[in-house]
Amino acid sequence: MLEECSRVYAEVDLDAIKYNLENIRASIADGVKVTAVIKADGYGHGAVPIARIMEDIDYVWGYATATAEEAFELRDAGIKKPILVLGYTFPYAYARMLREGIRPAVFRVDMLDELCERVRKYRAQGFEGKMPIHIAVDTGMSRIGVRADDFGAGFIKEAMSRDELEVEGIFTHFARADEADLTNALEREKAFSDFLDRLCKENGHKIPIQHCANSASIISIPSAEMDMVRAGIILYGLWPSEEVPRDKIQLRPALSLHSHIVYIKDVPEGTPVSYGGTFVTDRMTRIATIPVGYSDGYPRSLSNKGYVLIHGQKARILGRVCMDQFMVDITEIPEAKEGDEVILIGRDGDEVITMEELGDMSHRFNYELVCDINKRVPRIYFENGKPCK
C-alpha cells in the first residue's frame, strides 16, 4: 500500500482522532453531547473513515457538514447517526434530506415553506413523521442566521407552529472565541442565552438541542457548552489560533505528509534553481528533487523559505515550488540518497513540522492549509498503529 503511494501520501492517524475526541469529552460536563464537524471531507482528513470510528460512541450525537452533498456522501457510505448541515441547503436537496434524517440549518421564511411542502408530498406517500431542523441565529458573524431580535423570535415561533417541522435544535457561531480577549465572545454567549430564555418563555418549552460552542470555546468558554458542542479543528489535533491556551486540553495532530527523494544532483556555485532563477547557489550544492508541488496543495509561497525533514534533519527549499516538484538543499545531509523518505508535515526524529508552523511560513491559515491537501494526495489510515482500509 505504501509503495504505491511513494510519490506522496497523507498519513491519517485515527488513534490520534480518538485520543482528541476523548480529551474533548473529558473537558466538558457530563451529559453534554459532541457533534463531530467533518465538513470539507473532514478538514482534508477523510470524512467517511472518521465518521465510521464514531458511529458506536454514545456521547457523539452525530456529524456536521457544510453542504448537503457532504451529508449525502456519508449516507452513501452507510453512516447512520444524525447529520446537521451548517450552511444553506438548496430546495432540490430537501426530499433526500427528509428521507435520510439530514437536518438543515434554517433561517429563511421561504425555507420553512419549501420544507413543509416536501413533508406534505412525502406524507402523501405514507410518511408520518416531521422534518427535524436546527434554527441558525446570528449573534455577531453577520453571515447566515436570524438575528436575536423580535423578527428572529417571530420566525422561530412560526417554525415551531408548522406541523410538518420539528425544531430539534437552535445554534449560533462565535466570530471571536479564538482570541485571548474573550470579551466579545462572552457578550455574544450572553446574547444567545438571553434569546433562548425569551424563546422558552414565549413558546412555553425549551428547544431540545441548544448549541453554540465551537473548537475555541470548547477550550476557553466552559459556560458555552449548553446541550452540545461542535468539535471541529481540535478533533484533528490542530489549534484554532495562536491565542487559544494550550494547557487546558491535550491534542495530537492526526495528519502527516510524506514523500521521497526521486533525484539527487551536485551543482557548482552560481547555478540557478527552479523557475525564474530566484535562488542561485553560493557554493557547491547537493540538491534533491521532491515530486510534490502546489497542484497537490503544497504551498507555492514556501518557495525559498520552507523546509522538509530528511533523516531527521532540516533541508531548506531552494527556488520556487513548482506545480508537481520542488528542490531542497541536502548538502549537509550526506547520508541522503534517492528513495529516502521526506517528511513535509509531521515528525522525523527530534524535528517536527507542524501544520501551524507551515501555515505561518506560507502565510496561510492552518485550516486552509490542511483542507487544501487535495484528492491527488492519497490518504492512508492507521488504526491501532497499523495501516487499515
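Met 54 is in contact (heavy atoms within 4.5 Å) with Ile 17, Leu 21, Ala 36, Val 60, Tyr 63, Lys 81 and Leu 235, leaving aside its neighbours within four places in sequence. Together with Ile 135 and Tyr 298, Met 54 touches the most other members of the largest nonpolar core, which holds 128 residues. A nonpolar core is here a set of buried Ala, Val, Leu, Ile, Met, Phe, Trp, Tyr and Cys residues joined through side-chain atoms within 4.5 Å. Buried denotes under 20% relative accessible area, exposed over 50%, and partly exposed in between, with a 1.4 Å probe and protein chains only. Another core, of six residues, lies apart from the largest one and includes Val 267, Val 273, Ile 287 and Met 327. In soluble globular proteins, nonpolar side chains tend to be buried together.

The model is predicted, and local features require pLDDT of at least 70, side-chain atom pairs count only at pLDDT 80 or more, and totals for chains, interfaces and linings use all residues. Residues are numbered from 1 along each chain as its sequence is written, and side-chain values use heavy atoms, with hydrogens and water left out.

The protein contains 11 helices and 22 strands, assigned as DSSP runs (helices H or I, at least four residues; strands E, at least two) and numbered from the N terminus. Its C-alpha atoms fill a box of roughly 80 × 50 × 40 Å along the principal axes. Of the 389 residues, 54% are buried. Among contacts between residues at least 6 apart in sequence, 67% join residues at least 24 apart.

Helix 7 comprises 12 residues (150-161), which at 1.5 Å a residue should span 16 Å; the end C-alpha atoms are 16 Å apart, in agreement with this value. The expected span is 1.5 Å times one less than the number of residues. Gly 152, Ala 153, Phe 155, Ile 156 and Ala 159 are the buried residues of helix 7. Viewed down the helix axis, these buried residues fall within an arc of 160° and therefore line one face of helix 7; the arc is that of the directions from the helix axis to the C-beta atoms. On the other side of helix 7, Asp 150, Phe 151, Lys 157 and Ser 161 are exposed. The elements covering the buried residues include strand 5 (102-106), helix 6 (109-123), strand 6 (131-138), strand 7 (146-147), strand 8 (165-172) and helix 8 (183-203). At the start of helix 7, a side-chain oxygen of Asp 149 reaches to within 3.2 Å of the backbone nitrogen of Phe 151.

Leu 98, in helix 5 (residues 94-99), has a relative accessible area of 7% and is buried. Beyond residues up to four places away in sequence, Leu 98 touches Arg 118, Val 119, Tyr 122, Phe 127, Lys 130 and Met 131. Leu 98 and Arg 118 are 20 residues apart in sequence, with a C-alpha to C-alpha distance of 8.0 Å. Ser 220, in helix 9 (residues 215-220), is likewise buried, at 12% relative accessible area. With residues up to four places away in sequence not counted, Ser 220 touches Leu 182, Val 244 and Pro 245.

A search of the whole structure finds zero disulfides (pairs of cysteine sulfur atoms within 2.5 Å). Cys 322 counts as buried at 13% relative accessibility, whereas Cys 371 counts as partly exposed at 32%.

Definitions and conventions:
A polar contact is a pair of N or O atoms within 3.5 Å; within protein, one must be able to donate a hydrogen and the other to accept it, and residues adjacent in sequence count only if both atoms are side-chain atoms.
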